[in-house]
Amino acid sequence: MSDATLHATSQDPDDFVVQIADQVESFLVAVSEVAKGDEPDSAVPFLLLEVSQLLLAGGRLGAHEDILPDERYEPDLGPEPDVDDLRERLAVMLEPIDVYSEVFDPYEPRKAPVPARISDDLADVIADLRHGMAHYRAGRTTEALWWWQFSYFSNWGSTASATLRALQSVVAHVRLNQPLEELDGLDTDQDLGEEALAEAAGKVMAEEIAEPLGLRTVK
């Protein structure tokens, strides 16, 4: 999509909303391209880069003063675009490292790690961002900013942050030649405590996932 299609010609490219929309659109396009599976060898490093850049936009939204929508009630956007196909394609591509363990809230004491999926996380973030983009494309720029800011605090910010940590961990394990262990049999529908998560660690090593995911050990 060209800038001419995404932005009205009267909008200043230096405007805050235009810059956030550009970063959101870049992420939406990039993850959709990765999910096509045309370049699986670069999927993990590319996703690491894209999630990092998206969180810069999130940080800017988080630091901004509270944005209030123009209308009391959010306009009806119609049916939400389906993200299940994207979720499934990412799950197949990332299968060796898709499931990871996450502490939901670091400020809640004694909370055990819970299993999560990178593919689920990315699909959920995409859904939130698309919702705001629908407002933006309809010319409701304040509504778009409000939604992106609100959903950053309530969902996609923490979700993207957890995904970033998982992706960065994979890259770091491989580049530092530190083997990864498999979360053998672990899935996101299980309610497991910290000890069970530790016991679930199995056999897959970093060198086994480096080849299909395009990661190489630094010599």
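**Exercise 1. Aromatic pairs**

How many aromatic pairs does a search of the whole structure find?

*Solution.* The search of this predicted model returns 6 aromatic pairs.

**Exercise 2. Tyr-136 and Trp-148**

Classify the pair of Tyr-136 and Trp-148: stacked, edge-to-face or tilted? Then state which parts of the chain the pair ties together.

*Solution.* 
1. Take the distance. The rings lie 6.3 Å centre to centre, and the cut-off for a pair is 6.5 Å.
2. Take the angle. The planes are 35° apart. Stacked needs under 30 degrees and edge-to-face over 60. The pair is tilted.
3. Place the residues. Tyr-136 sits in helix α5 (residues 118-137), Trp-148 in helix α6 (residues 141-175), so the pair links parts 12 residues apart in sequence.
4. Tyr-136 and Trp-148 are both buried.

**Exercise 3. Trp-146 and Phe-150**

Which class does the pair of Trp-146 and Phe-150 fall into, and how exposed is Phe-150?

*Solution.* 
1. The ring centres are 5.6 Å apart and the planes meet at 10°, so this pair is stacked.
2. Trp-146 and Phe-150 are 4 residues apart in helix α6, so about one helical turn separates them.
3. Phe-150 has a relative accessible area of 40%. That value lies between the 20% and 50% cut-offs, so Phe-150 is partly exposed.
4. Widen the view. Trp-146, Trp-147 and Phe-150 make up one aromatic cluster.

**Exercise 4. Helices α3 and α6**

Describe how α3 and α6 cross, and sort the residues of their contact.

*Solution.* 
1. The axes of α3 (residues 43-63) and α6 come within 8 Å.
2. They cross at roughly 145°. The crossing is left-handed.
3. The contact has 17 nonpolar residues, 8 polar and no charged.

Conventions. Residues numbered from 1 in each chain as written. Predicted model: local features only at pLDDT ≥ 70, side-chain atom pairs only at ≥ 80, totals over all residues. Heavy atoms only, no water. Helix = DSSP H or I, 4+ residues; strand = E, 2+ residues; numbered from the N terminus. Buried < 20%, exposed > 50% of the residue type's maximum accessible area, 1.4 Å probe, protein only. Axes fitted to C-alpha atoms, helices over the stretch in contact; angles between N-to-C directions. Left-handed = near helix turned anticlockwise from the far one by under 90°. Nonpolar A, V, L, I, M, F, W, Y, C, P; charged D, E, K, R; others polar.
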